[in-house]
Amino acid sequence: MNEVDKISRDARALIESTKDTFASNITNAVLAKKLSFDEKQLQTIIAVANLSIDEGYQKALPTFQKTVKRTLSESLLSTDKKKKL
């Protein structure tokens with residue numbers, strides 16, 4: 001697995017953590033009666049949020065990977081230049 005893929009995998013872990021935190025926070029808000037949704041509505045809201053987060057990640061991933069690749073390449077070039085000096 002190349003470095004860009006490793007970083008992308010780690011970014012995916014951030015996304016999964018975000019989804020888990022959202023689900024936990026909205027569920028806790030319902031349990032604390034700060035929001036009023038029945039079980040089916042709550043499940044639907046969480047599902048829509050998860051789908052939206054996943055879609056956003058997939059749309060942004062190619063640009064993110066290009067940026068990571070460029071940054072890693074620039075860093076490598078900078079390191080190589082320093083070694084030659």
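Which residues make up the largest nonpolar core? The answer is a set of five: A23, I26, V30, L42 and I46. The structure is a predicted model, in which local features need pLDDT of at least 70 and side-chain atom pairs count only at pLDDT 80 or more, while totals for chains, interfaces and linings use all residues. Residues are numbered from 1 along each chain as its sequence is written, and side-chain values use heavy atoms, with hydrogens and water left out.

A nonpolar core here is a set of buried Ala, Val, Leu, Ile, Met, Phe, Trp, Tyr and Cys residues joined through side-chain atoms within 4.5 Å. Buried means under 20% relative accessible area, exposed means over 50%, and partly exposed lies in between (1.4 Å probe, protein chains only). Helices α1 and α2 each supply at least two residues of this core, and α1 gives the most, with three residues. Helices are DSSP runs of H or I with at least four residues, numbered from the N terminus.

The next topic is charge. Side chains of opposite charge can pair when their charged atoms come close. A salt bridge is counted when a side-chain nitrogen of Lys or Arg is within 4 Å of a carboxyl oxygen of Asp or Glu. By this rule there are five salt bridges.

One of them joins K6 and E3, with 3.5 Å from N to O. K6 and E3 are three residues apart in helix α1 (residues 3–31), so about one helical turn separates them. K6 is partly exposed, with a relative accessible area of 33%, and E3 is also partly exposed, at 45%.

D54 takes part in two other pairings described here. With R12, D54 forms a salt bridge whose closest N and O atoms are 2.9 Å apart. This pair links distant parts of the chain, since D54 is in helix α2 (residues 39–84) and R12 is in helix α1, 42 residues apart. Both partners are partly exposed: D54 has a relative accessible area of 22%, and R12 has 23%.

D54 also forms a salt bridge with K19, where the closest N and O atoms are 3.0 Å apart. D54 lies in helix α2 and K19 in helix α1, so this pair ties together parts that are 35 residues apart in sequence. K19 counts as buried, at 10% relative accessibility. Through salt bridges that share partners, R12, E16, K19 and D54 are joined into one network.

What of E39? E39 is in helix α2 and counts as exposed, at 55% relative accessibility. The C-alpha atoms of E39 and K19 are separated by 18 Å, and the two residues are 20 residues apart along the chain.

Last comes the surface. I7, F64 and L72 make a nonpolar surface patch of about 210 Å². Patches are made of residues with over 30% relative accessible area and no salt bridge; like charges are joined within 9 Å, and nonpolar side chains (Val, Leu, Ile, Met, Phe, Trp, Tyr) within 5 Å. The areas come from the Shrake-Rupley method with a 1.4 Å probe, and for residues only the protein chains shown count as cover. I7 is in helix α1 and is partly exposed, at 31% relative accessibility.
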